[in-house]
Amino acid sequence: MHQISGTNRDVAWTEVETIVDTTIPDVNVVRIAVDLACRAPSVHNSQPWQWTYSDGRLDLHTDRGRLLASTDPKGRQLVVSCGAALHHLETALTALRWTADIERLPDGLRSGHLATIRFQHDAHPRSHDFDLLSAIRHRYSDRRPFGPLSVKTPLPRTQPDVVRAPGVHLTVLPPEARATLAAATEITAAARRYDTAYHTELHWWAGHSIPSGGIPPNALATAENLSRVDIGRGFPAGRDNDSAEEIDRSTVLVVSTDADWRPDWLRAGEALSAVLLEATVEGLATCPLTHMTELRQSRELIRELLPDRGFPQALIRLGVTDRKLTPRQTPRRPTDSVLSVVSHPR
């Protein structure tokens, strides 16, 4: 075996350090991180994002072809969904020992270009970061009724520190707010009872199998279980009937913002992801709720519940379930269909 000694060894290490660029991750690292980012929740599992990687720079864009025109005509939930994917990406990169330097809305507030991500190979993940990475792989939206939180299953200890973005707030609603939430749900359902376009869109995305998106029957609760959750969206009935709870006794959290435009929606999505992952680490069942924020009248009811009268962007049910049979995780688009790698000749 050839050995390098003395000055030659120093020269060799200098050459290696010159070759290794600590700001440009290998494309396989980016592919892994994007694959994990795309495990993020999105409205109706529409996965409305596109990524482009070129010369050490990763860009996140909205996929307007996956806008839910009846449910989300302004694209607010589309941006919230992309924000959740952005936080998933940052969490995955940390576990892979890369720090993400994120520039949000680099082309202006109206652009579909939501973020530019650059990298430094200087992250020092701790055990909790690997717990969050595992949570990305295991988290799913559970639409069954939940049992209540208790002393043995409280809110995650880190919950008050999860949402640190400026202008974004997390509110834990008291039990007496449940009646208002149920009223907001009924207002939304009544307004859309005869909305053919909305129901056509809903049934396109939910209740049958789409190979790379949507919500399959195994991930939707049965009609009986749906009726036990008084604050859930009126999804088509599915096949998930494994629940020991007679009624839903979940705790409800609200992610809200001081303002109500694209930067706020993006940050709200990042906060939503952070809460869901922390709760999953603690073994809690979770289900994001957005139907109460889609129409003005129901959204105003939710605003009345907030101490700062901010703009509610998403709600989250938290609780416990009997996990003998867990709902099937929803399908995801192949990574190559959402990630473009652009190579420039040198």
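What covers the buried residues of H4? I found that the cover includes helix H2 (27–37), helix H3 (76–95) and helix H9 (262–281), where contact means heavy atoms within 4.5 Å. Helices (H or I, at least four residues) and strands (E, at least two) are DSSP runs, numbered from the N terminus.

Before going on I noted the basis: this is a predicted model, in which local features need pLDDT of at least 70 and side-chain atom pairs count only at pLDDT 80 or more, while totals for chains, interfaces and linings use all residues. Residues are numbered from 1 along each chain as its sequence is written, and side-chain values use heavy atoms, with hydrogens and water left out.

**Helix H4**

I checked the length of H4 (residues 127–138): at 1.5 Å a residue its 12 residues should span 16 Å, and the end C-alpha atoms are 17 Å apart, which agrees. The expected span is 1.5 Å times one less than the number of residues.

I then listed the buried residues of H4, which are Leu132, Leu133, Ala135 and Ile136; buried means under 20% relative accessible area, exposed over 50%, partly exposed in between (1.4 Å probe, protein chains only). They cover an arc of only 155 degrees around the axis, so they sit on the same side of H4. The arc is taken from the directions from the helix axis to the C-beta atoms. Ser127 and His138, on the other side of H4, are exposed.

**The sheet**

I traced an open sheet of five strands, ordered S3-S4-S2-S1-S9, with mixed pairing; two strands pair if DSSP finds at least two bridges between them. Strand S3 (99–104) and strand S9 (339–342) are the edge strands, each pairing on one side only.

Strand S1 (residues 49–54) runs antiparallel to strand S2 (residues 57–62), and six bridges join them. Tryptophan 51 stands opposite leucine 60 in S2.

**Glutamate 294**

I located glutamate 294 in the loop between strand S7 (285–289) and helix H10 (296–304). Glutamate 294 is buried, at a relative accessible area of 15%.

Which side chains make polar contacts with that of glutamate 294? I found arginine 192 at 2.3 Å and arginine 233 at 2.5 Å. A polar contact is a pair of N or O atoms within 3.5 Å; within protein, one must be able to donate a hydrogen and the other to accept it, and residues adjacent in sequence count only if both atoms are side-chain atoms.
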